[in-house]
Amino acid sequence: MADNAPKVRALRPAAMQYAWGIRGLDSRVARYALECGSIDGVDPSAPYAELWIGTHPKAPTTFVDGTPLQSALPGGAELPFMFKILSAGKCLSIQAHPDKKNAERLHAENPEAY
C-alpha cells in the first residue's frame with residue numbers, strides 16, 4: 001500500500017445517557033463505549049442511550065489519542081450530519097431536526113425548547 005494512502009483510525013464516539021436508554025451492560029451502547037475507551041466503566045443503574053459520531057460541540061467524537069475528529073476534516077469543518085447508534089429500552093417517537101439556520105433561529109426565539 002502506498003504511503004500516502006488514507007489510514008483507518010479508531011474513533012471514540014460520545015456515550016449519551018437518557019432516561020429511555022438501556023441500563024448498564026445490557027446496553028450495547030455501554031458495551032461499545034467501554035470497549036472503545038469512550039468510558040472507563042459502566043454504571044449498572046445508568047441508562048446508556050446513544051453513541052454520537054460526529055462534530056457536535058456538546059459531545060464531539062475524538063480519535064483514540066484524544067485528537068478531535070473535526071481536526072481531520074478540511075479546514076476543521078463540521079460534519080453536516082451526526083451518526084447515532086441507539087440502545088432504546090422504551091418506545092421512541094420519530095424525530096426530525098431542522099437545518100442549522102433554522103435551528104439557530106428557533107434557539108434564539110425559544111432557548112428552553114431548542
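Trainee: Is arginine 105 buried, partly exposed or exposed?
Mentor: Arginine 105 counts as partly exposed, because its relative accessibility is 41%. The cut-offs are under 20% relative accessible area for buried and over 50% for exposed, with partly exposed in between (1.4 Å probe, protein chains only). Keep in mind that this is a predicted model: local features need pLDDT of at least 70, side-chain atom pairs count only at pLDDT 80 or more, and totals for chains, interfaces and linings use all residues. Residues are numbered from 1 along each chain as its sequence is written, and side-chain values use heavy atoms, with hydrogens and water left out.

Trainee: Which residue forms a salt bridge with arginine 105?
Mentor: Glutamate 109 does, with the closest N and O atoms 3.3 Å apart. A salt bridge here is a side-chain nitrogen of Lys or Arg within 4 Å of a carboxyl oxygen of Asp or Glu. Both residues lie in helix H2, four residues apart, which is about one turn of the helix. Glutamate 109 counts as exposed because its relative accessibility is 55%.

Trainee: How many salt bridges are there in the whole structure?
Mentor: The search finds four. One of them joins arginine 9 and aspartate 65, with 3.8 Å between the closest N and O atoms. Arginine 9 is in the segment before strand S1 (11-12) and aspartate 65 is in the loop between S4 and S5, so this pair ties together parts 56 residues apart in sequence.

Trainee: What does lysine 100 meet in a salt bridge?
Mentor: The side chain of glutamate 78, at 3.2 Å from N to O. Lysine 100 lies in helix H2 and glutamate 78 in the loop between S4 and S5, so the pair links parts 22 residues apart in sequence. Glutamate 78 is partly exposed, with a relative accessible area of 43%.

Trainee: OK, zooming out. What order do the elements run in?
Mentor: From the N terminus on, β-β-α-β-β-β-α. That comes to two helices and five strands. Helices (H or I, at least four residues) and strands (E, at least two) are DSSP runs, numbered from the N terminus.

Trainee: Which strands does S3 pair with?
Mentor: Strand S2 (residues 14-23) pairs with S3 in the antiparallel sense over six bridges, and four bridges join S3 to S5, again antiparallel. Two strands pair if DSSP finds at least two bridges between them. Tryptophan 52 has lysine 84 in S5 as its bridge partner.

Trainee: Is S3 mostly covered or mostly open?
Mentor: Mostly covered: six of its seven residues are buried. For the protein chain, 25% of the 114 residues count as buried.

Trainee: What's in the largest nonpolar core?
Mentor: Seven residues: Val29, Ala30, Ala33, Ile39, Ala46, Tyr48 and Leu51. Helix H1 (28-36) and strand S3 (47-53) are the elements that give two or more residues to this core, and H1 has the largest share, three residues. A nonpolar core is a set of buried Ala, Val, Leu, Ile, Met, Phe, Trp, Tyr and Cys residues joined through side-chain atoms within 4.5 Å.

Trainee: What does alanine 33 contact, leaving aside neighbours within four places in sequence?
Mentor: Ala15, Ser38, Ile39 and Leu51. Contact means heavy atoms within 4.5 Å.

Trainee: Switching to the surface, which residues make the nonpolar patch of about 300 Å²?
Mentor: Phe81, Phe83 and Ile85. Patches take residues with over 30% relative accessible area and no salt bridge, joining like charges within 9 Å and nonpolar side chains (Val, Leu, Ile, Met, Phe, Trp, Tyr) within 5 Å. The areas come from the Shrake-Rupley method with a 1.4 Å probe; for residues, only the protein chains shown count as cover. Phenylalanine 81 is in the loop between strand S4 (62-63) and strand S5 (83-86), and it counts as exposed because its relative accessibility is 51%.

Trainee: Last one: where is alanine 88?
Mentor: In the loop between S5 and helix H2 (100-109). Alanine 88 touches Trp20 and Ile22, not counting residues up to four places away in sequence. At 38% relative accessibility, alanine 88 counts as partly exposed.
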